[in-house]
Amino acid sequence: MKNLTAVFATLRKKGRGQYLLLSGCLFFAVLLITAFSMMMYSPTVQTVLPQGGDSRKQVMMIFVLAVIGCGAFSLYAAGLFFRYKSREAGVLLALGMSRRALNRQLCREVLGLTLESCGAGLILGTPLCWGIWSLFRLFLVDTPEMLFIFNLRAYTVPFLFFLFVLFLLLIMENRFLARVNVLDIIHESHRPEPVRAVPSWYGWGGILLIVLGGSLGYFAPSFCVRVLQWYAPGLLTAVFYLPALVGLYWVLLFTVVGGWHRGKRRYAHLIESGMMQFQGRQTVRNMLVVTVLVAGAYFASFYTPMMMTSSQAALKNREADYQFFYRADQEMISQAEIQELAQSYSAQVVNYREVSSITLAIDGETEVETEGPMGVTYTVQYQEMRSEGRFFSVSAWNTLARDNLTLESGQCIASLDRYGYPSSISLVTNPVTGQSLKVETLPSPLSSRLLSDIYLLSDQDYAQLIQGLTPEWQEVQVVFDAENDSYALAKDLFHRIVESSGPETAVFDGYDRISKMNAEKAGEVYWGDQVEELNLPVIDLTRPDSSSFRTNWLYMPQFQALDEGDFLSTYAVYLLLFIFISILCFAAVSVILYTRSQSLILSNLWVYEDLHKLGASAAYRRKTAQGQVKRVFLAPLLTGTVLILCFYLLILLGNGRVWGIDANEAVAFAVCLALAAICSTLFYLLYRFTLKQAWRLLKL
Amino acid sequence: MLSVQNLCKSFLVGGEKYPVLKGVSLEVKKGEFVGVMGPSGSGKSTLLNSISCYIPSDSGKILLGNLELSQLKEEQLARVRNEKLGFVFQDFLLLDGLTVRENIMLPRIIGGKNVPAMEKSADLLCDLFGISHIKNKYPADISGGERQRTAVARALINNPQVILADEPTGNLDSKSAQKVIDAFLQAKTQLSATIFMVTHDSYAASFCDRVIILKDGNVQMTLEREEKERREFQDALLDSIRESSEVKES
Ligand SMILES: Nc1ncnc2c1ncn2[C@@H]1O[C@H](COP(=O)(O)OP(=O)(O)OP(=O)(O)O)[C@@H](O)[C@H]1O
Ligand SMILES: [Mg+2]
């Protein structure tokens, strides 16, 4: 040992644990961010989550949260590290080392440590992502589009994160050096700190604020849209959630500092509360981050089960095994060919029905949006020809659905739309001839769930309106059941249908030719044609197995066997992504909780020493430490979990036409509860582990 | 050697000024072992910290040889602390990650001078203070007395002009304290070190050549040991301390 560098190397070797904690945290943060970013940049995710879409926004939001979380725990770890280093620094300063020399050594250490750990994270992030990806494909779902493709651009975010962390660490190092005080080290005795009392009404007041802010934030957007007819910018409506955040802070602070034990019972927890008087506020700020992260993680984990249970339920309730429709101008596979195909798979086509339908223009109100400085406002405008509607004659419907409905001329029955809402029209128009007919929509909608978004007319009206209608406005609807059918048959048939479809059918299911006509009349470009500008789903007839094609093609057949077989793979990417996000968030939460507990115990080490000197038994000190660690864990985990469960419950209650929960939603919620239970168990194990570590620190 | 002239220091607490040192003057000659005593809160530690410039003083002069410490810049001060002053603290302040021998060598390493000779100097000091057998152990594995003797050895390795010690025996039992005092005495007789020691302990102070009694931020009196027996000197110290506290009560 000849020089300072050697001294620092020796000190580093002896203080390995502290160095490991910091570099471990940095490594972990960069690793996760790299892996996640790599996944976000993969073409799979890019195509499955359309840009500007809600899912992409949610994923990005959670990703940002996770990055913040990673940043937060890296900073705690750095704080712990510098606290550990402060004694050494103080002694060296006392022995006459100049601050400049100390700065040089510390800078070198911080730089080396950051470079090593972040570098390792950057390098290993890609293999990790690839590993999770492959495991996922191996055990859960494998679809042809789930190719893992390396993308150099994915390194942007982790690299920026690395620079940010390095920058912050160097700032912290400088501040640390400026603040390190020889006297504080010499008089390690603890100077009394002033206590800032926490008002006793913070507890219940906070809960009230959470409820208030939660409902304000939840109802504000729909209030703006429904009542004010104004699509307020998201940032503005998000403001209404603010009281909830303040409330959360109050509740956490109250729980952590004072605790809910009042009166005589509070003496049992006097020591823990006493210690928390000082670290309380700081701890609570960390807890807030944890709470938000936990909520984000649960949000991500619940997303897929929610989506899956509801679509699974829809699958089960179908009235026919096979149904599809095609434009009358297409050379489509015939009944005989279908039967032949089925036979080659030793299946039997039964109950084959085939009827024709026509597409007419229907009237209705549109929202005319105007973009202003305060976001988008809209006014409602009536249009005689608003959009497309598909019409069946009542006799065709009766054949198709085995119904026996009758209609007078001028009457119309509407089915529920795809979201389950009834619709009502008063005027239908032949888009080719312009001939129109006033109709009266009967109040009770079509009870059958066979098809959605359709209308029935009397045979007489139908015959009148079809006059002069060109084939591209006419369709053929096919419905049949099958015995002994298979996924292979369904897929084969689906591919035949796609092969028989001409390029003019390559449109997504929101494409509306009437709206297009309106737009053109107004001299505008129809939004549905701005595929690239608006990032609309691309329908490529040569890639019928892509998720984007399956979920968005206008003429997508509904084959029970196919959908059941493909069910998981359609959601595979979502599942993968959200699993990944939850892993990321939960990992961040775990590291924060662990380091926080550790630092809390460390900064109160002397209290435990004093307690020991005052004759407190080991059991008592164990219990006190347990109380402290419990505070760090319980409050944010519980709050985060309960909050997100409430949020999902609210969504479920508000979903659908009636306020309440149906059987499917109950299943979805049960799945979420089970997930929450599993995660909570894991957190309990982490808590036990952290507690053991704390006891070890206290030599108990 | 060390001369403090009219040193004043006050602390601002809640916007109010509390004078702690109100014009302290004292002198420590080369090779002298000087003690500072006084009731709690009399400003002993403040005096010591002002001398080592850990806290800036308000007015007055601190002269080490002919260097005026209060005029020095941070870098120069660090150098003075490293080369011309030696410190012994109540809490030892050894680095837990270094062995006893490495801890002793630390000031030399920081100074970056005389590196080849430092191992020899460290071993000599270890021999002198009877800690040779533990010189490769870590501070966590040795007793409090041994730690403090290590600290004394560390303070001496750069042959400082003065050793400043704040309650060096405060954390030790009487047997260990005795050994540390012996170490100071050896440093004085064999290395002709100059020692300035703040203490509460009249027993430790009774080994000094001279004891300064501080009260309410002023030097109240100075007692010389001269040719007195140690017991006799300790009794004299106790008497004068008792007197000064009686004055306060009346
Ligand atoms: N940083 C500070 N800020 C405010 N007041 C201080 C500070 N340091 C010391 N004091 C005050 O200065 C006075 C003298 O303190 P000092 O530590 O010098 O006393 P002392 O003689 O060393 O006492 P003891 O024998 O208990 O160690 C005390 O009243 C103390 O409250
Ligand atoms: Mg003192």
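Trainee: What conventions apply to the model?
Mentor: Residues are numbered from 1 along each chain as its sequence is written, and chains are lettered from A and ligands numbered from 1 in the order in which they are written. Side-chain values use heavy atoms, without hydrogens and water, and in this predicted model local features need pLDDT of at least 70, side-chain atom pairs count only at pLDDT 80 or more, and totals for chains, interfaces and linings use all residues.

Trainee: Which element gives the most to the shell around ligand 1?
Mentor: A residue is near the ligand if one of its heavy atoms lies within 4 Å of it. Residues around ligand 1 include Phe11(B), Val13(B), Lys44(B), Ser45(B) and Thr46(B). Two elements of chain B give two or more residues to this shell, strand E1 (2-13) and helix H1 (44-51); helices (H or I, at least four residues) and strands (E, at least two) are DSSP runs, numbered from the N terminus. With three residues, the one that gives the most is H1(B).

Trainee: How far is the polar side-chain atom of Ser40(B) from an oxygen atom of ligand 1?
Mentor: A polar contact is a pair of N or O atoms within 3.5 Å; within protein, one must be able to donate a hydrogen and the other to accept it, and residues adjacent in sequence count only if both atoms are side-chain atoms. His200(B) places a polar side-chain atom 3.4 Å from a ligand oxygen, and a polar backbone atom of Gly43(B) is 3.0 Å from one. For Ser40(B), the distance is 2.5 Å.

Trainee: What share of the area of ligand 1 does the protein bury?
Mentor: Accessible areas come from the Shrake-Rupley method with a 1.4 Å probe; for residues, only the protein chains shown count as cover. Taken alone, ligand 1 exposes 630 Å². The buried share of that is 58%.

Trainee: How many residues of strand E3 of chain B are buried?
Mentor: Buried means under 20% relative accessible area, exposed over 50%, partly exposed in between (1.4 Å probe, protein chains only). On one side of E3(B) lie Phe33(B), Gly35(B) and Met37(B), on the other Val34(B) and Val36(B), and all are buried. The strand is largely enclosed by the rest of the structure, so the count is five of the five.

Trainee: Which residue stands opposite Met37(B) in E9(B)?
Mentor: E3(B) runs parallel to strand E9 (residues 210-215) of chain B, and four bridges join them. Opposite Met37(B) stands Ile213(B).

Trainee: Which residue of E4(B) stands opposite Gln5(B)?
Mentor: A four-stranded open sheet in chain B has the order E2-E1-E4-E5 and antiparallel pairing. Five bridges join E1(B) to strand E4 (residues 59-64). The residue opposite Gln5(B) is Lys61(B).

Trainee: Which backbone oxygen does the side chain of Thr441(A) reach?
Mentor: Thr441(A) is found in strand E8 (residues 440-441) of chain A. This threonine is buried, with a relative accessible area of 15%. At 2.5 Å, the Thr441(A) side chain reaches the backbone oxygen of Ile425(A).

Terms used. Two strands pair if DSSP finds at least two bridges between them.
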